[in-house]
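Please open the model in your viewer and keep the sequence panel beside it, as this tour moves from one selection to the next and says what is found at each stop.

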Amino acid sequence: MSSRLHAGATPRRIGALATATSWAQRSWVSIAFALGFFAAWELIVRGFEVPRYIVPAPSAIAYQFWRNLPRILEYTAVTGGETLMGFAVAILLGVPLALVVAFSSVLRKTLYPAAVTLEMVPKIAFAPLFVTWFGFGYLPKVIIVYLVCFFPILLNGILAFTSLSEDLGRFCRSTGAGALRTFWYVRLPFALPQLFVGIKGAAVNATVGATIAEWIGGDAGLGYYIQIATGDLRMDLAFAIIIMLAALGLALFGAVVLLEKMLIPWHISQRAPLQGRARG
């Protein structure tokens, strides 16, 4: 029996090794660049004896990250919760509203210009208002994240749902397909690529909104922790917190990209890298 288990485990190990080898072959340039960049950073800071309170060395940043990891993880949970909640609410409200606006000529003439105008306003301008209205708790941070994420989703969603060509629409009607059937089988799949453009843009900015809100009126979170670190001139700790913020943003963006690959594997944006590797 043990020999059968060993024989079954070997193909899995071989498959995992092949996957890791393939990833390393595709990513060696990026890995080499990153290693060279941090090595040069370390040498320059040490060679020119740059003070730690101006630019810390990567080794000092790594040390502070490990030393303060429990507090960083605690505040990451706070910022991550605000980010995910605001981002989720923006999707749940933005996508249906975009669909309604796309099919309403009245809303396209009224709500759409208002949404474009509000998108131009820096969301940091609203943060003091929400702190005044709702205090220093969880709610104003979620609202700021929601505003940062909502308008890209709404505007790209409107564009997505109105981008079906007239010729394709007439073809669907000529086949006898009703409005609902046309929506599910043609309009919605056709809209998903543009809709994901807005969702990915919102994912990129979600942690920005949470951090700004914590700067303005927070008593927890990574944005609040950065203020404490920079106020004490502990730039090595501040850089460590920034690295965690980047990791949080990348995790959210990666989740959206994974969902996009699952929902629209047929789109050229998903097939082009595979075609490029096949030609290579």
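Begin by selecting glutamine 227, which is partly exposed because its relative accessible area is 37%, where buried means under 20% relative accessible area, exposed over 50% and partly exposed in between, computed with a 1.4 Å probe and the protein chains only. Glutamine 227 has its place in helix 9; helices here are DSSP runs of H or I with at least four residues, strands are runs of E with at least two, and both are numbered from the N terminus.

Before going further, note that this is a predicted model, in which local features need pLDDT of at least 70 and side-chain atom pairs count only at pLDDT 80 or more, while totals for chains, interfaces and linings use all residues. Residues are numbered from 1 along each chain as its sequence is written, and side-chain values use heavy atoms, with hydrogens and water left out.

**Around glutamine 227**

Keep glutamine 227 selected and show what surrounds it: leaving out residues up to four places away in sequence, glutamine 227 touches Glu214 and Trp215, a contact being heavy atoms within 4.5 Å. The side chain of glutamine 227 also reaches the backbone oxygen of tryptophan 215 at 3.3 Å.

Next select leucine 233, in the loop between helix 9 (222–231) and helix 10. Most residues other than glycine have a negative phi. Leucine 233 counts as exposed because its relative accessibility is 51%.

**Helix 10 and helix 2**

Now colour helix 10 (residues 235–263) and helix 2, which pack at an angle of about 75 degrees with their axes 8 Å apart; the axes are lines fitted to C-alpha atoms, for helices over the stretch in contact, and the angles run from 0 to 180 degrees between N-to-C directions. Helix 2 is therefore roughly perpendicular to helix 10, since angles of 65 to 115 degrees count as roughly perpendicular, those under 35 as roughly parallel, those over 145 as roughly antiparallel and the rest as oblique. On the side of helix 2 the contact is made by Ala60, Ile61, Gln64 and Phe65, and on the side of helix 10 by Asp236, Leu237, Phe239, Ala240, Ile243 and Met244.

**Inside helix 3**

Stay with helix 3 (residues 69–102) and select threonine 83, which lies in it. Is threonine 83 buried or exposed? Threonine 83 counts as buried, because its relative accessibility is 2%. The side chain of threonine 83 reaches the backbone oxygen of threonine 79 at 2.8 Å. Not counting residues up to four places away in sequence, threonine 83 touches Val145, Ala206, Thr207, Ala210 and Leu252.

Then select leucine 107, placed in helix 4 (residues 105–120), which counts as partly exposed at 24% relative accessibility. Apart from neighbours within four places in sequence, leucine 107 is in contact with Val100, Val101 and Tyr112. With both helices shown, you can see that helix 3 and helix 4 pack at an angle of about 125 degrees, with their axes 7 Å apart, and they are therefore oblique to each other. Here Leu97, Val100, Val101 and Ala102 in helix 3 meet Leu107, Arg108 and Leu111 in helix 4.

**The whole model**

Finally, clear the selection and look at the whole protein, which has 11 helices and zero strands. Buried residues make up 37% of its 280 residues. Among contacts between residues at least 6 apart in sequence, 71% join residues at least 24 apart.

Terms used: A polar contact is a pair of N or O atoms within 3.5 Å; within protein, one must be able to donate a hydrogen and the other to accept it, and residues adjacent in sequence count only if both atoms are side-chain atoms.
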